[in-house]
Amino acid sequence: MATIPDMDPGLPLLVVAVDEEAEHLHDLGLPVLVTGAGKVNAATAVARALAVGTPAEVVNLGTAGGLVDGVSGTHVVGRVVQHDLDDAALIALTGRSFSPELSLGEGPTLATGDVFVADSTVRATLAQRAQLVDMEGYGVAHAAGYAGVPVRLVKHVSDPSDETAFKSWAESVAACSVHLADWARGNLL
């Protein structure tokens with residue numbers, strides 16, 4: 001279970017999935033919530049944290065796979081969708097959407113799902129809807145939005161979401177953490 005940090009209503013809450021992504025964030029003097037991997041862990045941890053206190057905003061910092069050749073660096077997400085929930089079927093069955101796309105502003109589209117994408121065929125399919133892929137963004141955005149707290153998703157590309165993704169992520173996550181801390185230092189402090 002994620003440990004809820006002390007929150008100041010004037011400060012943002014930094015949210016990451018795993019300790020490796022948070023490595024360089026603790027020196028910033030901002031509260032950091034490590035949720036665990038996946039949408040359920042992310043949404044649950046953020047909801048628990050927001051039940052305890054209300055930060056100025058929730059900022060999800062993390063790694064993402066690149067779905068389009070040439071996509072690299074750090075991106076503020078403009079739109080987030082779930083790629084592994086068949087919302088069309090649920091709408092057909094119930095007449096209601098359970099996974100609307102979430103608009104956050106300008107920037108690339110992030111596809112969130114509970115699978116680490118490491119397959120060229122899956123990558124090509126997802127690239128028709130998004131430029132980036134992760135496992136937590138939608139859960140973080142949904143929980144923060146439900147609580148009425150502003151949210152930003154900031155992702156640094158760690159891997160190409162193909163058969164090399166596991167090795168690429170493991171080799172690049174430490175550098176990604178530095179880039180994410182640099183973004184937070186330049187945009188939040």
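**Entry 1. Strand pairing around β1**

I take two strands as paired if DSSP finds at least two bridges between them. The model I consulted is a predicted one. With that criterion in hand I looked up β1 and strand β2 (residues 32–34), and I found that three bridges join them and that they run parallel. In this pairing Val16 stands opposite Val34 in β2. I then turned to β3 and noted that three bridges also join it to β1, again in the parallel sense. Here Leu14 stands opposite Val59 in β3.

I next asked which residues of β1 are buried on each of its faces. On one side I recorded Leu13 and Val15, and on the other Leu14 and Val16; all are buried, and both faces of β1 are therefore covered.

**Entry 2. Nonpolar cores**

I looked up the largest nonpolar core and found 26 residues in it. Leu33, Val58, Val140 and Leu153 have the most contacts inside this core. I listed the elements that each supply at least two of its residues: β1 (13–16), α2 (39–52), β3 (58–66), α5 (137–147) and β9 (151–159). Apart from this core I noted another, of 15 residues, with Leu28, Leu30, Val59 and Ala181 among them.

For Leu33 I went through the contacts, leaving out residues up to four places away in sequence. Leu33 touches Ala2, Thr3, Ile4 and Pro5, then Leu13, Leu14, Val15 and Val16, and also Ala45, Val46 and Ala49. I set beside this the general remark that in soluble globular proteins nonpolar side chains tend to be buried together.

**Entry 3. Strand β9 and its partners**

I asked how many of the nine residues of β9 are buried. The count is eight, so β9 is largely enclosed by the rest of the structure. Eight bridges join β9 to β3, and these strands run parallel. One pair I located is Ala64 with its bridge partner Val157 in β9. Strand β4 (residues 74–76) also pairs with β9, but in the antiparallel sense and over three bridges. There I found Val154 of β9 as the bridge partner of Val76.

I located Ser161 in the loop between β9 and α6 (165–188). Its phi is positive, about 55°, although Ser161 is not a glycine. I recall that most residues other than glycine have a negative phi. Is Ser161 buried or exposed? With 1% relative accessibility, Ser161 counts as buried.

Within α5 I listed the buried residues Gly137, Tyr138, Gly139, Val140, Ala141, Ala143 and Ala144.

**Entry 4. The largest pocket**

I found about 240 Å³ of space in the largest pocket. It is lined by 18 residues, of which Thr63, Phe116, Met135, Glu136 and Trp169 are the closest to its centre. Which element gives the most to the lining of the largest pocket? I found that β3 does, with three residues. I noted β3, β8 (132–134) and β9 as elements that each supply at least two residues of this lining. By class I recorded 10 nonpolar, four polar and four charged residues in the lining.

**Entry 5. Met135**

I looked up Met135 next and placed it in the loop between β8 and α5. Met135 has 19% relative accessibility, and buried means under 20%, so Met135 counts as buried. Beyond residues up to four places away in sequence, Met135 touches Gly38, Lys39, Thr112, Gly113, Asp114, Val115 and Phe116. For a distance I took Ile91, which is 44 residues from Met135 in sequence and 23 Å from it in space, C-alpha to C-alpha.

**Entry 6. Thr109**

I found Thr109 in strand β7 (residues 109–112). At 7% relative accessibility, Thr109 counts as buried. Which residues is Thr109 in contact with, leaving aside its neighbours within four places in sequence? I listed Arg79 and Val81, together with Arg129, Ala130, Gln131 and Leu132. Between Thr109 and Pro55 I noted a separation of 54 residues in sequence and of 25 Å in space, C-alpha to C-alpha.

Conventions. Residues are numbered from 1 along each chain as its sequence is written. This is a predicted model: local features need pLDDT of at least 70, side-chain atom pairs count only at pLDDT 80 or more; totals for chains, interfaces and linings use all residues. Side-chain values use heavy atoms; hydrogens and water are left out. A nonpolar core is a set of buried Ala, Val, Leu, Ile, Met, Phe, Trp, Tyr and Cys residues joined through side-chain atoms within 4.5 Å. Buried means under 20% relative accessible area, exposed over 50%, partly exposed in between (1.4 Å probe, protein chains only). Helices (H or I, at least four residues) and strands (E, at least two) are DSSP runs, numbered from the N terminus. Contact means heavy atoms within 4.5 Å. On a 1 Å grid over the protein atoms alone, a cavity is a set of points where a 1.4 Å probe fits but cannot get out, and a pocket is an open set with protein on both sides within 12 Å along at least five of seven lines; lining residues have an atom within 4 Å of a point. Grid points are joined across faces, edges and corners, and a volume is the space filled by probe spheres set on the points. Ala, Val, Leu, Ile, Met, Phe, Trp, Tyr, Cys and Pro count as nonpolar, Asp, Glu, Lys and Arg as charged, and the others, Gly among them, as polar.
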